[in-house]
Structures are given as C-alpha cells and as structure tokens.
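Work through these exercises with the sequence and the model at hand. Try each task before you read its solution.

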Amino acid sequence: MTTIGILGSGHVGSNLAKAAIAHGYDVVLSNSQGPDSLVGLVKELGPQATGATPAEAAAAGGFAIVAIPIATIDQVPVEPLAGKVVIATINYYPQRLGHIPEIDDGTTTAPGLLQAHLPTSKVVRAFSMINAAEMSGDGHPQGDPQRRALALAGDDPAAKQLVANLYNEFGFDALDIGGLDESWRVDAGQPAFVTRQNLAELKENVARAKRPA
Ligand SMILES: NC(=O)c1ccc[n+]([C@@H]2O[C@H](COP(=O)([O-])OP(=O)(O)OC[C@H]3O[C@@H](n4cnc5c(N)ncnc54)[C@H](OP(=O)(O)O)[C@@H]3O)[C@@H](O)[C@H]2O)c1
C-alpha cells in the first residue's frame, strides 16, 4: 500500500492524514517542531501513522502532501521529493502573511512557488479550496447528491491523474482546471473558494474567476 509523506501536520495535514488512513494508506507526518511534538496526533491516528522529520516524511512517501504556510516553502527538502508527485494545499493570504510581488503581478502562483523550489517534482494544487475538517469529514460516494467537487491544477498529466484518483477515493469529484499558471482561479476570494459545489457548479465558478487587477 502507498505511503503518503505529509509535510505540515496542522489543520490540513492532520485531516488529510485521517482521510488517507480511512482509505487504507500509511502516512508519515512531519512538522517544523519535530516528531516529538507529533506523538499525540500519531497516537490518535493509529498504527498507519508515524511521525518523522520533513526530510524523512518526504523520503518515505510514494507521493507527498505539502500543507505548510506559504512563507516556509523554501524550507521544504528538495532531494527526497525529486521526481515525486507533490500535492500543494498552500494558499496565499497577503493581508495576513505579507505580499509576494511575483504572485501579485501574475508572474507565478502559490503552488508555482513550490514548483520553482522543487524543479524535478510534479506539483499539483489540490485540497486548497475546502475547509480542513471537511477534507476528512465530507467525502461522499459517486452519485450521492451530497458529493462535492474539488479543483486540481498542475503541469504533469500523470500527476494530475493520481490526484484525481485520490479525490475520487476520498469522496470528491475532480475538475482539472489546467496548469499551475491557471491555479489562481481557485484562490482565496474567487467564486470557487471554500464553497459547497457540485461538478457543474464548480465549472461555473471557475469560469467566473477574475484575476485581481
Ligand atoms: N485550514 C484550512 O482550512 C485550509 C484549507 C485549505 C488550504 N489551506 C492551506 O494549507 C496550508 C496549511 O494550512 P493549515 O491550516 O493546516 O495550517 P496550520 O494548522 O497552521 O499548520 C501548518 C503546519 O505546517 C507546519 N510547518 C510549517 N513550516 C513547515 C516546514 N517547513 N516543513 C514542515 N512543516 C512545516 C507546522 O508545523 P509547526 O506547528 O511545528 O510549526 C504545522 O504543522 C496553508 O498554506 C493554508 O493556506 C488551509
């Protein structure tokens, strides 16, 4: 069974770990403070979870989830993620965390910054537009009227297929909205952000996105 390396074990990392374990994955969790600080969470998650350093989690994962604040992207270990699919949940909140001129002027995007830091990894933006608790608590089987749709964006088709399959396993429909350069369409403040929506509604909301001036 695939192991997922999780970098960042806060609201998002812990909820995605829970969802992954519920669907049969093993997870290796990490944070900035070190594995000793993860003992309680790992115990709560059970035997499919272990705690490690970010480099160890990255190395252990068949693929990885990076669920950290945007300001710490440059601390993500590069070599152990080489060649791997890396799911970026990272959002950009300039009001809270400070402005990044290359995002403001449209030169890059939040996941684009991670891709630039990890040149040989295959970064896919996913799980960035849903509240953390709902990642593990609001998945529904195909055909269920409650089933929600989530967007993904990335530059590698096989990596995007892996993420679409993961969405499906976790109980969400997937909408591919294009490359990382299109991922701003589901940024905070856009119509598709943190809204309960099915696939048709998500398509409409993504089409209504407007890049900030
Ligand atoms: N919360 C949501 O509902 C939500 C939804 C979608 C997307 N997002 C985005 O997903 C990301 C994570 O959000 P969150 O709410 O989970 O944040 P959070 O609760 O503050 O957790 C952040 C985690 O990242 C860890 N961390 C920081 N720098 C790290 C590094 N360089 N390497 C490894 N771990 C590191 C922190 O570890 P320490 O505690 O040890 O410092 C903490 O475990 C953010 O970019 C956010 O915008 C959040």
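**Exercise 1. Sort the residues of the shell around the ligand into nonpolar, polar and charged.**

Step 1. Ala, Val, Leu, Ile, Met, Phe, Trp, Tyr, Cys and Pro count as nonpolar; Asp, Glu, Lys and Arg count as charged; the others, Gly among them, count as polar.

Step 2. Count. The shell holds 11 nonpolar residues, 13 polar ones and no charged ones.

Step 3. Know your source. This is a predicted model, where local features need pLDDT of at least 70, side-chain atom pairs count only at pLDDT 80 or more, and totals for chains, interfaces and linings use all residues. Residues are numbered from 1 along each chain as its sequence is written, and side-chain values use heavy atoms, with hydrogens and water left out.

**Exercise 2. Which residues come nearest to the ligand, and which helices supply at least two residues of its shell?**

Step 1. A residue is near a molecule if one of its heavy atoms lies within 4 Å of it. There are 24 residues around the ligand.

Step 2. His11, Val12, Ser32, Gln33 and Ile68 come nearest.

Step 3. Now take the helices (DSSP runs of H or I, at least four residues; strands are runs of E, at least two; both are numbered from the N terminus). α1 (11–22) and α7 (132–137) each supply at least two shell residues.

**Exercise 3. Is Gln197 buried or exposed, and what does its side chain reach?**

Step 1. Locate Gln197. It lies in the loop between β8 (172–176) and α9 (199–207).

Step 2. Apply the cut-offs. Buried means under 20% relative accessible area, exposed means over 50%, and partly exposed is in between (1.4 Å probe, protein chains only). Gln197 has 3%, so it is buried.

Step 3. Follow the side chain. It reaches the backbone oxygen of Ala192 at 2.7 Å. A polar contact of 2.7 Å also joins the side chains of Gln197 and Asn205. Such a contact is a pair of N or O atoms within 3.5 Å; within protein, one must be able to donate a hydrogen and the other to accept it, and residues adjacent in sequence count only if both atoms are side-chain atoms.

**Exercise 4. Where do Phe127 and Val194 lie, and what is phi for each?**

Step 1. Phe127 lies in the loop between β6 (122–125) and α7. Its phi is near 55°, a positive value in a residue other than glycine. At 1% relative accessibility, Phe127 is buried.

Step 2. Val194 lies in the loop between β8 and α9. Its phi is positive too, about 45°, although Val194 is not a glycine. Its relative accessibility is 33%, so Val194 counts as partly exposed.
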